[in-house]
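Biologist: I am new to this structure, and I would like to go through it slowly, one question at a time. Please begin with any term I shall need.

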Amino acid sequence: MSDSMATSYKTSRAVKSLFIYIMMVLFAAIAVVPVWVMLVNATRTTAQINAGLSILPSTHALENWRILTNRDFQIWQGFLNSAIISVCSTVLCVYFSALTAYGLHVYHFKGRKLLQGLIMLLIMMPASLSFIGFYQFMARMHLTDNFIPLIIPSIASAGTVLFMKQYLDSILSLEIVEASRIDGATEFMTFNRIILPIIKPALATQAIFSFVASWNNFMTPFVLLSSTKKYTLPMLVQMLRGDIYRTEYGGIYLGIAVSLVPIIVFYAFMSRSIIGGLTMGSVKE
């Protein structure tokens, strides 16, 4: 009886494992196949794309690139503009959000709970509610058609602050802060040299989210920027849907594919920090 129960248990575990693997492969295919089709279409001509779906790449990538760049499509300028905005906003967002979360975690002051409640309220509030007021404020300050309103407001990121606060609550012991104070370190020295290395995985995680959100942001630059030389890459990709590219599907797919490359590279780079920092921050009592 015990042997049959053991066999039945092993069979049940095998079936469950097989089901899990099948679902993982299915979900991976759902995530990867659309991207692969886009990359394949970037190497095909318009006639081949109209002929039907294909999972094998073609040999017309260079031709599509010439079509893309020979019609005043300033792709490198778009890359530079998006890189400046995304990198600067990511650095400001991650650093100042971590600094705010550190202050909420370490210092106990009047209004601390009220401030945390305000952060939660800002997270639940739709961003579209303040968009009109934000534009009017930038217009009165004469900051339209400028990168400043696309970078500086990233300092106030309620979602990133909440994530950092919860991460600090789970891994940071106040004994580290007290020990650094006893050794004569200032508050900023403690934060920059001790706390930041400890929360490196959280910084890398939020840096990925912030960079992707800033890189893919279309609406805010579209409303604020008017000079073509200041257009971000998503804005230039949107221009591919205009009359001069409407029949060149290969060039459109190639432009979209090129716009995804920095996101993939940034994710691959920052994911190393996440993995490498998982064992950091432990405190031996």
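Modeller: A patch is built from residues with over 30% relative accessible area and no salt bridge, like charges being joined within 9 Å and nonpolar side chains (Val, Leu, Ile, Met, Phe, Trp, Tyr) within 5 Å; the areas are Shrake-Rupley values with a 1.4 Å probe, and for residues only the protein chains shown count as cover. The model is predicted, with local features needing pLDDT of at least 70 and side-chain atom pairs pLDDT 80 or more, while totals for chains, interfaces and linings use all residues. Residues are numbered from 1 along each chain as its sequence is written, and side-chain values use heavy atoms, leaving out hydrogens and water.

Biologist: How much accessible area do the residues of the nonpolar patch on the surface have together?

Modeller: The patch includes Tyr 107, Phe 109 and Leu 115, and also a run from Met 120 through Leu 121, Leu 122, Ile 123 and Met 124 to Met 125. Of these, Met 120 sits in helix 5 (helices are DSSP runs of H or I with at least four residues, numbered from the N terminus). Met 120 counts as partly exposed because its relative accessibility is 37%, where buried is under 20%, exposed is over 50% and partly exposed lies in between. Taken together, the residues of the patch have an accessible area of about 1000 Å².

Biologist: Which helix supplies the largest share of the lining of the largest pocket?

Modeller: A pocket is an open set of points on a 1 Å grid over the protein atoms alone, with protein on both sides within 12 Å along at least five of seven lines, and its lining residues have an atom within 4 Å of a point. The largest pocket holds about 1300 Å³ of space, and of its 34 lining residues the closest to the centre are Ala 127, Pro 153, Ser 154, Ala 156 and Ser 157. Helices 4, 5, 6, 7, 8, 11 and 12 each supply at least two lining residues. The largest share, five residues, comes from helix 11.

Biologist: How many charged residues are in the lining of the largest pocket?

Modeller: Asp, Glu, Lys and Arg count as charged, Ala, Val, Leu, Ile, Met, Phe, Trp, Tyr, Cys and Pro as nonpolar, and the others as polar. By that division the lining has 21 nonpolar and 13 polar residues, and the number of charged ones is none.

Biologist: Which residues of the second largest pocket lie closest to its centre?

Modeller: The second largest pocket has about 270 Å³ of space. Its lining draws at least two residues from each of helix 4, helix 10, helix 11 and helix 14, and divides into twelve nonpolar, two polar and one charged. Of its 15 lining residues, the closest to the centre are Val 91, Val 94, Leu 203, Ala 207 and Met 270.

Biologist: Which helix gives the most to the lining of the largest cavity?

Modeller: In a cavity, a 1.4 Å probe fits but cannot get out, and the structure holds one such space of 30 Å³ or more. The largest cavity has about 40 Å³, and its lining, which includes Ser 82, Trp 215 and Thr 232, divides into three nonpolar, five polar and no charged residues. With three residues, the most comes from helix 4.

Biologist: Is Lys 165, which has 10% relative accessibility, buried or exposed?

Modeller: Lys 165 meets Asp 169 in a salt bridge (2.8 Å, N to O), that is, a side-chain nitrogen of Lys or Arg within 4 Å of a carboxyl oxygen of Asp or Glu. The two are four residues apart in helix 8, so about one helical turn separates them. Asp 169 is partly exposed at 41%, whereas Lys 165, at 10%, counts as buried.

Biologist: What relative accessible area does Arg 181 have?

Modeller: The structure holds two salt bridges, and one of them joins the side chains of Glu 187 and Arg 181 (3.0 Å, N to O). Glu 187 is partly exposed at 29%, and Arg 181 is partly exposed at 35%.

Biologist: How far apart in space are Leu 224 and Asp 145, C-alpha to C-alpha?

Modeller: Asp 145 lies in the loop between helix 6 and helix 7, and has a positive phi of about 55 degrees although it is not a glycine. With 18% relative accessible area Asp 145 is buried, as is Leu 224 of helix 12, at 3%. They are 79 residues apart in sequence, but their C-alpha atoms are separated by 5.4 Å.

Technical notes. Grid points are joined across faces, edges and corners, and a volume is the space filled by probe spheres set on the points. Buried means under 20% relative accessible area, exposed over 50%, partly exposed in between (1.4 Å probe, protein chains only).
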